[in-house]
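Reader: Before I plan anything around this protein, I would like to go through its fold with you, one question at a time.

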Amino acid sequence: MSFSYFDDDRIINPSAPSMSPDDEKTWAILAHLSAPIGLLVSVGWLPFLGPLLIWFIFKNRSQMVRKCAAASFNFNLMCSIGIAIGWFFFFTLILIPVAILFWLFFGLGSIIFSIRAAFVASRHRVYRYPLSLPILH
């Protein structure tokens with residue numbers, strides 16, 4: 001098993017309803033970029049909602065969009081859990097510095113890796129996030 005962050009093969013699913021390569025690429029990019037938008041709009045609570053909606057809508061139309069949305073959802077769910085743990089630390093009052101580190105680590109990680117994944121999706125590739133919970137496939 002390869003541990004690189006990129007899939008080397010272009011993903012094609014001939015049995016699914018046709019989706020143009022440009023539409024496929026656009027929705028794959030949006031699957032990744034919807035996470036940092038959701039992170040900023042929901043103050044860290046719902047970065048996984050956008051990728052989940054895109055996965056639900058396009059999972060049968062394009063294998064690439066499905067894989068990109070699933071990867072983004074899995075990674076951002078992990079980030080949401082990390083941010084929630086940071087809130088728990090914040091409410092203990094003693095561990096406020098630890099909470100701030102959790103928020104910075106998972107918040108900035110979500111933004112940086114999602115933008116990086118969007119660039120990879122623009123080359124019609126699937127990005128493998130470094131840390132995720134494998135829930136959607």
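This is a predicted model: local features need pLDDT of at least 70, side-chain atom pairs count only at pLDDT 80 or more; totals for chains, interfaces and linings use all residues.

Author: Residues are numbered from 1 along each chain as its sequence is written, and side-chain values use heavy atoms, with hydrogens and water left out.

Reader: In what order do the secondary structure elements of the protein run from the N terminus on?

Author: Helices (H or I, at least four residues) and strands (E, at least two) are taken as DSSP runs, numbered from the N terminus. On that basis the protein has four helices and zero strands. From the N terminus on, the order is therefore α-α-α-α.

Reader: What share of the residues of the protein counts as buried?

Author: Buried means under 20% relative accessible area, exposed over 50%, and partly exposed in between, with a 1.4 Å probe and protein chains only. Of the 137 residues of the protein, the share that counts as buried is 42%.

Reader: Where in H1 does a kink lie?

Author: Helix H1 covers residues 21-41 and reaches 30 Å from its first C-alpha to its last, close to the 30 Å expected at 1.5 Å a residue, where the expected span is 1.5 Å times one less than the number of residues. The bend at a residue is the angle between axes fitted to the seven residues ending there and the seven starting there. In H1 a kink of about 30° lies shortly before the proline Pro-36, at Leu-33.

Reader: Which helices do the buried residues of H1 pack against?

Author: The buried residues of H1 include Glu-24, Ala-28, Ala-31, His-32 and Ala-35. An α-helix has 3.6 residues a turn, so residues three or four places apart point the same way. With contact meaning heavy atoms within 4.5 Å, the buried residues of H1 pack against H2 (49-58), H3 (63-91) and H4 (96-121).

Reader: How many disulfides does a search of the whole structure find?

Author: Cys-68 is buried, with a relative accessible area of 0%, and Cys-79 is buried as well, at 2%. A disulfide is a pair of cysteine sulfur atoms within 2.5 Å, and the number that a search of the whole structure finds is zero.

Reader: Why does the pair of Trp-45 and Trp-87 tie together parts that are apart in sequence?

Author: Rings of Phe, Tyr and Trp (its six-membered ring) pair if their centres lie within 6.5 Å, and planes under 30 degrees apart count as stacked, over 60 as edge-to-face and the rest as tilted. Trp-45 and Trp-87 form a stacked pair, 6.3 Å centre to centre with 20° between the planes. Because Trp-45 lies in the loop between H1 and H2 and Trp-87 lies in helix H3, the parts that the pair ties together are 42 residues apart in sequence.

Reader: How do the rings of Phe-90 and Trp-103 pair?

Author: Phe-90 lies in helix H3 and Trp-103 in helix H4, so the pair ties together parts that are 13 residues apart in sequence. The ring centres of Phe-90 and Trp-103 are 5.4 Å apart with the planes at 40°, so the pair is tilted.

Reader: Which residues does Trp-103 touch, not counting residues up to four places away in sequence?

Author: Trp-103 belongs to one aromatic cluster with Trp-45, Trp-87, Phe-90 and Phe-91. Not counting residues up to four places away in sequence, Trp-103 touches Ile-83, Gly-86, Trp-87, Phe-90 and Leu-108.
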